[in-house]
Amino acid sequence: MTTKPTTRGARRFAPALAAVLVLTFASAAAPQAPRATPAPLPPGAVLRIIAFGAHPDDCELDAAGVAAKWAAAGHKFKCVAVTNGDIGHWGIAGGPLALRRRAETQQAAKILGIETEVLDNHDGELMVTLENRRKIARLIREWQADIVISHRPNDYHPDHRYTGVLVMDAAYMVQVPFFGPEVPPLTRNPAFLFSEDRFQKPQPFSGDIVVSIDDVIEKKLAVVEAMPSQFYEGGCCDLPTGGLPTDAAGKEARRKEVRDRFTARFASTADRFRPRLAEWYGAPRAAGIKYAEAFEVCEYGRQPSKEEIRRLFPFFGDVAAR
Ligand SMILES: [Zn+2]
């Protein structure tokens with residue numbers, strides 16, 4: 001799916017210009033509050049979340065659980081793959097693979113009840129360019145995002161790293177009126193979050209926000225199954241030993257192997273951040289949580305208080321004590 005068009009043009013430009021003039025004169029008169037701390041999110045608002053992954057499966061692996069939870073509660077979530085994934089398979093590449101992977105993201109979006117978009121950058125070739133910075137900032141503005149999720153800029157894959165850098169580069173620019181003025185700037189800077197990784201340098205992922213996904217784990221596993229090019233078939237570099245199975249028993253065994261691997265992966269996040277889960281859910285409830293997703297608050301963009309995080313992630317009352 002593509003983003004709905006946003007009203008643009010001179011009509012929207014004039015208020016932006018007026019705002020700049022007001023800010024200019026105001027700044028001469030008194031010191032300004034930091035741009036990253038405007039009024040808090042109004043209670044009961046429909047939340048709008050946009051998540052950027054480098055490839056057509058990253059956003060889903062990192063945040064399908066919270067995406068399903070937000071969507072079920074009436075909030076709006078969009079996954080953006082910043083590259084088209086056209087070399088992400090050991091046996092096929094180019095246009096046919098890009099089309100296949102886009103179809104997989106669309107199937108995942110249907111399962112989760114979210115929107116999705118794949119940008120037409122080649123896999124393995126993403127660069128931090130002005131054009132890409134503009135594109136990312138435009139998508140965040142068009143979505144009117146409250147939360148933006150991406151990779152940390154010290155991830156292993158260059159596309160992951162540069163996606164992280166591009167999103168960080170957009171974090172301030174989304175509210176600068178004359179940067180890409182064809183889409184109106186955001187008046188409230190979103191909270192920018194990083195999705196979980198295991199990299200240690202220059203510092204390990206901090207897991208500031210950890211959410212139970214026990215109630216939606218089957219949906220997340222269904223998303224894994226809906227992306228066979230990456231998981232069942234092995235993606236770019238992990239052709240199963242002995243090749244892909246051809247008989248029914250072998251196919252079922254492979255399906256189970258993939259499911260078990262990802263079940264363990266999603267459980268490992270809950271185990272890794274058990275003390276943090278206790279901070280959000282209380283120790284008795286945290287003890288019973290099996291699967292989780294974790295996010296780190298980027299120091300750019302809006303810096304939400306703990307109280308605001310509870311409004312942005314209205315899930316911490318979902319889990320019963322064991
Ligand atoms: Zn990736």
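Two strands are said to pair if DSSP finds at least two bridges between them. Helices (H or I, at least four residues) and strands (E, at least two) are DSSP runs, numbered from the N terminus. By that rule β4 and β5 are parallel partners, with four bridges.

The model is predicted: local features need pLDDT of at least 70, side-chain atom pairs count only at pLDDT 80 or more, and totals for chains, interfaces and linings use all residues. Residues are numbered from 1 along each chain as its sequence is written.

**Overall make-up**

- The protein has 10 helices and seven strands.
- Of its 322 residues, 41% count as buried. A residue is buried if 20 or more other C-beta atoms lie within 10 Å of its own, exposed if 12 or fewer, and partly exposed in between, with C-beta atoms placed from the backbone.
- Among the contacts with a separation of 6 or more, 78% are between residues 24 or more positions apart. A contact here means that the C-beta atoms of two residues, placed from the backbone, lie within 7 Å.

**The sheet**

- Seven strands form an open sheet in the order β3-β2-β1-β4-β5-β7-β6, and the pairing is mixed.
- β3 (115-118) and β6 are the edge strands, each pairing on one side only.
- On average, neighbouring strands of this sheet are turned by 25 degrees against each other, direction ignored. For such angles, axes are lines fitted to C-alpha atoms, for helices over the stretch in contact, and angles run from 0 to 180 degrees between N-to-C directions.

**Strand β1 and its partners**

- β1 (residues 48-53) is largely enclosed by the rest of the structure, because five of its six residues are buried.
- On one pairing, β1 runs parallel to β2 (residues 76-81), with six bridges; Gly53 has Ala81 as its bridge partner in β2.
- β1 also pairs with β4 in the parallel sense, over three bridges, and there Ile49 is opposite Ile147.
- Together with helix α2 (residues 58-72), β1 and β2 make a right-handed β-α-β unit. Right-handed means that, with the strands pointing away from the viewer, the path from the first strand over the helix to the second runs clockwise.

- β4, helix α5 (residues 158-173) and β5 make another right-handed β-α-β unit.
- β5 is joined to β7 (residues 292-301) by four bridges, and these two strands run antiparallel. Leu193 is opposite Val297 in that pairing.

**The nonpolar core**

- The largest nonpolar core has 75 residues, and Ile140 and Ala292 have the most contacts inside it. Such a core is a set of buried Ala, Val, Leu, Ile, Met, Phe, Trp, Tyr and Cys residues joined through C-beta atoms within 7 Å.
- Helix α2 gives the most to this core, with eight residues.
- Leaving out residues up to four places away in sequence, Ala292 touches residues including Val210, Ile213, Thr269 and Phe273.

**Helix α7**

- α7 (residues 248-272) has 25 residues that should span 36 Å at 1.5 Å a residue, and its end C-alpha atoms are 36 Å apart, which agrees. The expected span is 1.5 Å times one less than the number of residues.
- Val258, Phe266, Thr269 and Ala270 are buried in α7. Their cover includes α6 (217-225), α8 (274-281) and β7.

**Local features**

- Most residues other than glycine have a negative phi, and most peptide bonds are trans.
- The peptide bond between Lys201 and Pro202 is cis, with omega about 5 degrees. Pro202 is in the loop between β5 (191-195) and β6 (209-212).
- Gln144 is not a glycine, yet its phi is positive, about 55 degrees. This residue is in the loop between α4 (130-143) and β4 (147-150).
- Gln144 counts as partly exposed because it has 16 C-beta neighbours inside 10 Å.
- Arg285, in helix α9 (residues 283-287), counts as partly exposed with 19 C-beta neighbours inside 10 Å.
- Arg285 and Phe316 are 31 residues apart along the chain, and their C-alpha atoms are separated by 9.9 Å.
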